[in-house]
Amino acid sequence: MRILVINPNSSSALTESVADAAQQVVAPGTIISAINPSRGPAVIEGSYDEALATFHLIEEVERAERENPPDAYVIACFGDPGLDAVKELTDRPVVGVAEAAIHMSSFVAATFSIVSILPRVRKHLHELVRQAGATNRLASIKLPNLGVMAFHEDEHAALETLKQAAKEAVQEDGAESIVLGCAGMVGFARQLSVELGVPVIDPVEAACRVAESLVALGYQTSKANSYQKPTEKQYL
């Protein structure tokens, strides 16, 4: 089985860290391939970045479908950019890291908080929770003003900030689990879980395991209506 993890931004360093984390959690015999577009924003920290990144993400999926299709796709950005569009392009399973992590939290806790990056993404995160049907389980959204690349620039300081925000979510907001709201936070879930005493869900790990399960069970993306192939037309 091969899962293609697509980091929608153009940071190869982030792609490498995501690929390493994903490969460590999948079953023996599952191969993680990871790519990122060569163009587009270096990180995705808002709607403008997301719109630009989505175009290049779709180009990567179309190339993969033509040249070397995987068994499943994982979109490795917590905004789940282009998720529905990619599901229209393929009948293979396509998993967004946010949708996987939010749903996975429901199996291990009654409530959850998302600890993510910048205050400006609050509206989008609420929309992701609503789309996942998880609004009634959301304890809070914590946005400690961390950029996506903070963990590559000063890992210790960023982790301490992340830990404090997650601690407040548990102690003050009633969160019984924590969803890490950025693909750049790979590698910290287990340490945080031990220190906080609640499940901490890494979205990339969750998405890869969900994709693996869908392939193993033989499930494909439905083409009954919503995710039908794009209608025939001229694209100029």
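Helices α4 (residues 97-108) and α9 (residues 203-217) have axes that come within 8 Å and cross at roughly 90°. Axes here are lines fitted to C-alpha atoms, for helices over the stretch in contact, with angles running from 0 to 180 degrees between N-to-C directions. The two helices, α4 and α9, are therefore roughly perpendicular to each other; on this scale, angles under 35 degrees count as roughly parallel, over 145 as roughly antiparallel, 65 to 115 as roughly perpendicular and the rest as oblique. On the α4 side the contact (heavy atoms within 4.5 Å) is made by V97, A100, A101 and M104, and on the α9 side by P203, V204, A206, A207 and V210. Sorted by class, the residues in this contact of α4 with α9 come out as 9 nonpolar, no polar and no charged. The classes take Ala, Val, Leu, Ile, Met, Phe, Trp, Tyr, Cys and Pro as nonpolar, Asp, Glu, Lys and Arg as charged, and the others, Gly among them, as polar.

A word on the model and its bookkeeping. The model is predicted, so local features need pLDDT of at least 70 and side-chain atom pairs count only at pLDDT 80 or more, while totals for chains, interfaces and linings use all residues. Residues are numbered from 1 along each chain as its sequence is written, and side-chain values use heavy atoms, with hydrogens and water left out. Helices (H or I, at least four residues) and strands (E, at least two) are DSSP runs, numbered from the N terminus.

Helix α9 also meets α1: their axes come within 9 Å and cross at roughly 50°, which makes α1 oblique to α9. The crossing of α1 past α9 is right-handed, a crossing being right-handed if the near helix is turned clockwise from the far one by less than a right angle, and left-handed if anticlockwise. Here V18, A21, A22 and V25 of α1 touch V204, E205, C208 and R209 of α9, a set with 6 nonpolar, no polar and 2 charged residues.

Further along, α7 (residues 155-173) and α8 (residues 189-196) have axes that come within 11 Å and cross at roughly 45°, so α7 is oblique to α8. This crossing of α7 and α8 is right-handed as well. Their contact draws on L159, L162, K163, A166 and K167 of α7 and on Q191, L192, E195 and L196 of α8, giving 5 nonpolar, 1 polar and 3 charged residues.

As for the cysteines, the disulfide count is 0, with a disulfide taken as a pair of cysteine sulfur atoms within 2.5 Å. For C182 the closest cysteine sulfur is in C77, at 7.3 Å, too far for a bond. For C208 the closest is also in C77, at 14 Å, again too far for a bond. C208 is buried at 0% relative accessible area, and C182 is buried at 8%; buried means under 20%, exposed over 50% and partly exposed in between (1.4 Å probe, protein chains only).

D80, in the loop between β3 (72-75) and α3 (83-89), has a positive phi of about 50° without being a glycine, and is buried at 9% relative accessible area. N145 sits in the loop between β6 (138-142) and α6 (150-153), also a non-glycine with positive phi, near 65°, but N145 is exposed at 53%. G29, in the loop between α1 (12-25) and β2 (31-35), is exposed at 62%. G29 and R2 are 27 residues apart in sequence, with their C-alpha atoms 8.7 Å apart in space.
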